[in-house]
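Me: I would like to go through the domain layout of this model step by step. Could we begin with the division of the chain and then turn to the contact between its parts?

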Amino acid sequence: MRTSHRVMAVAFLTTAMVAGASACGSGFNDTPEQKSGPADLEILIGSSGQAETDAVQKAAAAWAEATGNTATVVPAQDLAQQLGQAFAGSNPPDVFYVDAGRFADYAKAGALLPYGKDIPDADDFYASLRDAFTFDGELYCIPKDFSTIAMQINTDLWAQAGLTDDDVPTTWDELRSAAEKLKAANITPIVIGDTRDRIGAFMVQAGGWIVSKDGTEATGDSPENLQALQYMQGLIKDGLAVYPRDIDTGWGGEAFGKQLAAITFEGNWIKGALQNDFPDVKYEVHEMPAGPKGKGTLSFTVCWGISAKTQYREQAIDFVRHMTSAEQQIKFTEAFGVMPSRASLRDEYLKQFPNDEAFIAGAAYAQGPVKAPKMDSVLSDFDAGLQQLASTDPKALLERLQDNTEAALAG
Amino acid sequence: MVLTSEAPPRRPVSDAAPPRRRRRRSGLQRPERVAGWLFVAPVVVLLTVFLLVPILMALWVSFTSWNGQGSPFRAGVPVSGGENYARLFIEDGLTRQDFMTSIRNNLYYVLTVVPLQTVLALALALAVNQRLLRAKSFFRTAFYFPSITSSVAISVVFLFLFANSGAINGVLAWFGIDGPNWFSDPRGVLHIILNAIGLVDITNPPALLTDNELLGLPWWQWLSGPSVAMCSIICLVVWTTSGTFMLMFLAALQNIPVQLEEASLIDGASRWQYVRKVVLPMLKPTMFLVITLGLIGTWQVFDQVYVMSKGNPAKTTLTPAYLSFRTAFLDLNFGSGAAIAFVLFAIIIGMTLLQRWVMRDRDEVRRPRWFRRVRSV
Amino acid sequence: MALDNTTADVLGAGAMVQAPAPQRRPRRLTPRQRAAKAANYAVLTFFGIIFLYPFVIQISNTFKTESDAANHPLRLIPDPFTSDSFLRIFSGTDFPLWVVNSVLVTVIATVSRVFLDSLAGYALARLRFGGRRAIFAAIIAVMAVPGVVLLIPKFLVLNQLGMYDSYSGLIIPLLADAAGVFIMKQFFESIPAGLEEAARIDGAGPFRTYWSVILPLARPALITLTILSFQGTWNEFPHTLVAVQSPGLFTLPRGLADLVGGSLGSGMQYPLKLGAALLTLIPVTIIFFIFQKRFVRGATEGAIKE
């Protein structure tokens with residue numbers, strides 16, 4: 001290029017830069033002004049299926065009519081991704097589901113409005129669930145429901161192996177011996193998901209976990225965790241436990257439904273799945289076997305998050321209060337089978353669903369998801385390692401988890 | 001040149017114009033100048049705003065640790081300097097490991113796809129270019145058709161084909177082979193081969209390789225080869241892109257005069273010798289073009305990863321393009337995501353420069369029209 | 001065997017020849033040649049099957065029930081034959097909305113690209129104005145920028161301009177592309193200059209000249225540009241990923257991607273997904289078969305961007 005053109009190109013570039021930079025960086029409001037008048041709430045949910053979408057839309061419509069506002073419920077295809085993009089954009093939805101595993105990231109980024117103090121009966125919700133949504137000492141949002149992992153046993157296959165009710169395992173050793181008997185009868189004993197969201201239950205039963213109770217210290221590399229992973233690795237190597245993909249299925253529920261295995265460890269959601277896709281399977285639900293340090297399981301919960309940028313703060317809080325009211329929670333439970341997050345509803349829930357005793361019992365000793373920001377890649381890396389647990393050294397795996405967790409918690 | 005059927009003039013007309021002068025004549029030239037600027041203005045504005053400015057903005061963001069809330073240009077956004085880049089290359093940690101894993105995956109992908117698609121495209125072009133081949137147009141269409149389809153739609157089809165009990169495994173079953181669980185098998189192909197010939201034990205790899213690292217990734221991981229899951233994506237891409245490159249080879253083959261073939265037959269050469277000694281050397285420029293285009297294209301694989309596997313299983317289908325996207329939009333770490341995008345940019349620019357250098361002026365066989373066009377790019 | 005003089009001579013001489021010689025029938029084929037020809041056909045047929053069979057599988061499985069597709073993917077004849085999947089595509093998903101959005105985006109973007117790219121290409125080829133070379137160099141440079149690198153940057157710009165998650169954010173960035181300008185410029189350079197001289201003498205301004213004199217001559221190139229733009233924008237996916245997030249703004253590729261959702265080969269709704277993919281493929285396929293020659297030309301002569 002000749003000099004003159006080069007000069008022109010540079011001038012062009014500079015102009016573009018200046019234009020670009022000046023177009024940005026202007027007018028970003030940190031505290032959005034509240035709009036008065038009827039609210040137009042945008043609600044983004046991560047639905048578990050049509051049943052949930054319908055139920056939530058119905059409840060939202062009822063609220064809208066009663067209060068004279070409008071509420072639009074949109075089911076997300078990929079909630080995490082859509083929320084990520086929405087937060088970076090200038091117009092995120094007003095109300096949305098927040099998964100406990102991602103809560104810390106959003107809270108730390110300042111995307112959530114801490115409205116816990118505006119809920120008068122917040123104490124009615126299970127303490128462990130509230131804890132999952134408390135950041136920096138503040139309760140940010142109210143849990144909408146929860147699930148725990150329990151043990152499902154296929155009664156037909158159980159009887160086929162000559163096992164009875166007495167053989168239902170309540171400890172790790174009993175689990176192993178029951179599995180061995182199943183294997184002897186040519187039945188795949190256990191199918192368990194290849195992720196921390198299932199195997200982690202065993203870590204809890206051994207008394208360990210990925211982070212400390214307050215979520216500030218990394219405890220991945222503990223002897224308790226090692227014990228749990230070694231136990232699980234032993235089961236896999238001896239052919240007593242398989243991963244869903246090893247038997248051509250996508251998750252434990254599918255394998256269990258296709259009767260490819262006698263035992264699986266899944267949460268409440270398996271009820272709906274089995275009912276819809278595999279109605280002929282006869283099964284029982286029991287609490288997970290206790291480990292060296294006692295009973296343990298994992299809980300999963302989602303809360304109603306309100307955007308820090310919403311212009312309808314009061315109405316949004318009112319909406320959430322309506323959706324988490326006792327009557328509404330029972331309606332949701334009936335519609336799509338989750339457990340209500342209000343402790344006071346426990347008895348009523350059990351009256352309607354006596355088979356879920358095992359699930360709800362888990363609430364007492366369940367470990368919630370890791371509540372620390374920037375842990376997502378660490379945890380998915382841990383999952384990648386667990387996927388190859390059969391051929392990996394558990395100690396190395398946990399050391400790596402420890403290192404990564406420390407780095408994430410520090411930065 | 002996309003034209004009517006007459007041969008276009010040899011040199012572009014503007015080259016034949018008189019040399020430019022610094023002084024401009026007024027009068028006749030003025031409306032032309034104004035018109036010129038007006039005509040290009042919309043395109044220039046659009047390309048500047050949506051291609052140039054974004055790059056500059058992203059460059060800025062890659063030097064910050066912006067968390068995705070609000071504008072990255074307001075005051076108070078934490079500037080972290082070269083920290084994001086350091087985390088990718090120098091600092092020991094998960095970021096570097098993930099990044100190196102994605103580089104490794106893409107590297108094997110490139111090293112597998114480029115040779116495969118080049119060879120396949122060449123073979124198909126040679127086969128289609130036979131004189132007196134009937135249905136030549138049909139075959140050419142058949143091979144080229146996958147190239148024009150939507151990558152997302154094709155990914156859906158291949159998800160079905162490579163399912164555990166899908167068509168591919170069904171075909172393999174005819175030959176008595178038990179097909180793997182394509183999308184959930186994270187084992188590297190090299191590992192499998194080495195295991196099969198007994199050189200290493202895949203469940204107990206040699207400590208020498210697992211304990212020593214290069215840039216944060218153990219040597220054992222560097223030597224894994226593409227994973228089984230990645231192989232299904234490789235099949236998809238080779239299937240899709242070979243057609244385009246076949247057309248380029250065909251165009252080059254068409255420019256080889258028939259007299260050459262007849263002359264070599266007169267000399268007594270067999271068909272294969274003709275191909276090897278006459279055709280292939282004449283195709284060298286095209287081959288370089290195809291290879292370098294392949295190099296540029298394969299470093300950008302994203303759609304298929306997003307639709308089919310999202311990096312799984314065990315991060316063996318993670319590529320830098322997808323990692324950049326995921327880091328920004330899922331982990332809300334836009335600084336790191338932008339940094340990864342720029343490193344990828346640098347890699348691809350490197351490949352582009354390589355292409356231009358390779359395709360520079362050569363005093364060889366007269367180059368066909370289309371090739372000269374590309375060279376002037 | 002070394003090349004004999006005959007061949008080498010012809011190599012040198014033949015290098016000057018531009019057009020291929022007319023075809024001639026050989027007088028007789030030796031058995032070896034016949035075998036080679038048969039082998040050739042065999043190879044072509046084999047690969048022809050490989051390249052086309054996935055579509056055959058796709059079509060046949062679209063008309064199967066879910067369990068039939070999952071259990072017998074290779075069987076060509078559905079048993080039972082059902083068009084259930086199409087019913088569910090249109091009633092159970094947002095497919096009609098995706099089609100509307102895709103059509104909207106594609107039509108607007110294609111028309112715009114044809115117009116703006118040809119305008120700019122003409123100006124760069126024929127009009128003398130300062131900075132012409134710089135702009136063309138910039139366009140070439142821009143063509144080298146890979147699309148995936150622009151994912152995050154484009155999002156940032158759309159966000160800043162307030163265009164994120166709107167139709168304008170979806171469509172405006174697609175209104176012009178560098179490759180199209182390149183193609184049009186190359187084409188216009190080949191048109192003889194005399195026509196413009198004549199028009200100028202007649203008193204026509206630059207735009208008039210362009211519109212009434214040059215553009216009608218550019219029909220072949222414009223058609224090619226139309227086809228390439230149509231195909232490019234109809235199939236565009238990464239841009240839709242960062243430009244919008246509301247389901248109401250999804251185009252077909254985006255909707256399809258979300259339908260499939262990164263599932264790792266598990267999941268049952270194959271006929272539904274295959275059917276949706278099939279419908280997505282149809283428009284470009286039709287255009288392809290009508291305008292085959294132009295696609296081929298476009299692929300080999302300058303439209304390098306995939």
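Reply: In this predicted model, chain A is divided into domain 1, made of 40-147 + 300-367, and domain 2, made of 150-298 + 371-410.

Me: How many Å apart do the C-alpha centres of domain 1 of chain A and domain 2 of chain A lie?

Reply: The two domains of chain A are each assigned as a pair of segments, 40-147 + 300-367 for domain 1 and 150-298 + 371-410 for domain 2. The contact between them takes 23 residues from domain 1 of chain A and 20 residues from domain 2 of chain A. The separation of their C-alpha centres is 27 Å.

Me: Which element gives the most to the side of domain 1 of chain A that touches domain 2 of chain A?

Reply: The elements that give two or more residues to this side of domain 1 of chain A are α4 (100-109), α15 (357-361) and β14 (366-367) of chain A. By class, this side has 13 nonpolar, six polar and four charged residues. The element that gives the most to it, with six residues, is α4(A).

Me: What percentage of the 411 residues in chain A do buried residues make up?

Reply: Chain A has 17 helices and 14 strands, and along its principal axes its C-alpha trace spans about 85 × 65 × 35 Å. Among the contacts in chain A with a separation of 6 or more, 75% are accounted for by residues 24 or more positions apart. Counting a residue as buried if 20 or more other C-beta atoms lie within 10 Å of its own, the buried share of the 411 residues in chain A is 49%.

Terms used: Residues numbered from 1 in each chain as written. Chains lettered and ligands numbered in written order. Predicted model: local features only at pLDDT ≥ 70, side-chain atom pairs only at ≥ 80, totals over all residues. Helix = DSSP H or I, 4+ residues; strand = E, 2+ residues; numbered from the N terminus. Buried ≥ 20, exposed ≤ 12 C-beta atoms within 10 Å, placed from the backbone. Contact = placed C-beta atoms within 7 Å. Domains from an automatic or database assignment. Nonpolar A, V, L, I, M, F, W, Y, C, P; charged D, E, K, R; others polar.
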